[in-house]
Amino acid sequence: MSKKVSVLVPATSANLGPGFDVLGLALELYNEVHLETDEARFSSIRRSPQTTVTIEGEGANRLPGDGSNLVLQAIFKVFEKAKRWPKGSLRVRTVNRIPLARGLGSSSAAIAGGLCAANALIGTRLPISVLLEIAVSMEGHPDNVVPAFVGGLCVAGVVKEEIRFLRFSAPPHLRAVVCSPDRPLETHDARRVLPSRVPFAAAVFTSSRVAFLLGAFLQKRYDWLDFAMEDVLHQPARARLVPGLRDAIAEARKAGAYGDALSGAGSSVLALVKPGPTAKKAGRAMEKAFAARGVTSRSRELALENKGVRYR
């Protein structure tokens with residue numbers, strides 16, 4: 001007898017300006033991972049089942065279908081950790097809607113989707129704490145993977161080799177407008193330009209902005225996001241990799257956005273707005289700012305997401 005599981009994993013936007021490698025927000029844009037075995041029996045003996053991978057949507061002609069596929073790597077890490085290997089063959093199908101290399105957590109979605117699908121397939125043997133440890137070891141930092149798992153606005157970090165996080169419900173009366181340039185930006189390239197040291201004044205500025213950012217969300221002081229999402233740690237260095245970044249941020253605020261910032265490592269810009277016509281105005285303003293620098297882009301309005309990984 002065969003067994004099939006399906007999971008939905010949301011996009012995420014990390015940093016939100018000053019919260020570098022710490023803050024992450026889940027968005028209502030989902031990738032799907034479908035995992036099936038033709039024999040619902042498992043063995044404790046390590047084996048290499050015959051596996052086929054099908055990729056639809058974003059990255060269909062770019063992502064690998066072999067053992068280097070990130071979803072497949074995550075699946076096999078669960079089998080290894082739980083010491084439960086399927087006796088039958090495996091079929092993996094991904095439906096990708098999150099654009100690649102745009103700072104919207106596509107790699108975290110792949111990792112979380114593979115881990116959760118595999119864990120469901122073997123009977124949910126691993127707790128979320130273990131899944132998060134695996135995910136962070138694969139991704140390198142927790143800011144995207146945590147909200148991908150649990151949704152909402154998350155503060156995450158590694159404390160004494162343990163993943164710790166706080167989750168806050170994302171407010172329903174905010175919308176995210178994401179403007180994604182056609183030019184991708186790989187995370188490793190965006191990290192390569194970061195400074196190895198920062199001035200003390202920059203550290204103080206950053207700690208104050210992160211505190212104001214969380215306070216603005218908790219107390220619904222969204223008008224404070226205009227300064228709470230300011231950053232001096234990573235965006236100045238990355239601006240030269242994203243032509244039009246500074247202008248897009250400035251123009252979105254002129255169009256009525258509460259606050260905006262580079263989404264993750266880029267190249268997308270995330271603006272937080274109130275529902276209604278402001279969303280379209282901010283999106284068009286960012287597109288025009290990028291176009292003035294010769295960069296084509298696309299904006300979309302997304303609701304904030306509070307559920308994280310979902311099973312079908």
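User: Is leucine 132 buried or exposed?

Analyst: Start with the cut-off: a residue counts as buried when its relative accessible area is under 20%. In this predicted model, leucine 132 has a relative accessible area of 3%, so it is buried. Its place is in helix H3, residues 128-139.

User: Which residues does leucine 132 touch, leaving out those up to four places away in sequence?

Analyst: Leucine 132 touches Val145, Val146, Phe149, Ile163 and Phe165. Now look at a pair of C-alpha atoms. Leucine 132 and glutamate 162 are 30 residues apart in sequence, yet 9.4 Å apart in space.

User: What share of the contacts in the chain joins residues 24 or more positions apart?

Analyst: Take the contacts with a separation of 6 or more. Residues 24 or more positions apart account for 76% of them.

User: Which residues touch the most other members of the largest nonpolar core?

Analyst: A nonpolar core is built from buried residues joined through side-chain atoms within 4.5 Å. The largest one here has 73 residues, and Leu27, Leu35, Leu115, Phe149 and Leu272 touch the most other members. Helix H2, residues 106-121, gives the largest share of this core, ten residues. A second, separate core has 22 residues, including Cys179, Ala257, Leu262 and Ala282.

User: What is leucine 115 in contact with, beyond its neighbours within four places in sequence?

Analyst: Leucine 115 is in contact with Ala74, Val78, Leu131, Ile134, Ala135 and Phe149.

User: How do I read a helix? Which residues of H6 are buried?

Analyst: Begin with the general idea. An α-helix has 3.6 residues a turn, so residues three or four places apart point the same way. Now the case. The buried residues of H6 are Ala202, Thr206, Arg209, Val210, Leu213, Leu214, Ala216 and Phe217. They cover an arc of only 155° around the axis, which puts them on the same side of H6. The face turned away from that buried side carries the exposed residues Phe200, Ala201, Ala211 and Leu218.

User: What covers the buried residues of H6?

Analyst: The cover includes strands S2, S7 (153-159), S8 (162-168) and S11, along with helix H7 (225-228).

User: How many residues does H6 have, and what is its reach?

Analyst: Helix H6, residues 200-218, has 19 residues. From its first C-alpha to its last it reaches 28 Å, close to the 27 Å expected at 1.5 Å a residue. Lysine 220 follows H6, and its phi is positive, near 60°.

User: Where else is phi positive in a residue other than glycine?

Analyst: Leucine 16 is one case, with phi near 55°. Its place is in the loop between strand S1 (3-15) and strand S2 (19-37). Leucine 16 has a relative accessible area of 1%, so it is buried. Aspartate 21 is another case, with phi near 65°. Aspartate 21 lies in strand S2.

User: Which peptide bond is cis?

Analyst: Look at omega. The bond from glycine 266 to serine 267 is cis, with omega near 15°. Serine 267 sits in the loop between strand S10 (259-262) and strand S11 (269-273).

User: How many helices and strands does the whole chain have?

Analyst: The protein chain has ten helices and 13 strands. Its radius of gyration is 20 Å, close to the 20 Å that the globule rule gives for 312 residues, so it is as compact as a globular protein of that length. Along its principal axes, the C-alpha trace spans about 60 × 40 × 35 Å.

Key. Residues are numbered from 1 along each chain as its sequence is written. This is a predicted model: local features need pLDDT of at least 70, side-chain atom pairs count only at pLDDT 80 or more; totals for chains, interfaces and linings use all residues. Side-chain values use heavy atoms; hydrogens and water are left out. Buried means under 20% relative accessible area, exposed over 50%, partly exposed in between (1.4 Å probe, protein chains only). Helices (H or I, at least four residues) and strands (E, at least two) are DSSP runs, numbered from the N terminus. Contact means heavy atoms within 4.5 Å. The expected span of a helix is 1.5 Å times one less than its number of residues. The arc is that of the directions from the helix axis to the C-beta atoms. The radius of gyration is taken over C-alpha atoms; the globule rule is 2.2 Å times the number of residues to the power 0.38.
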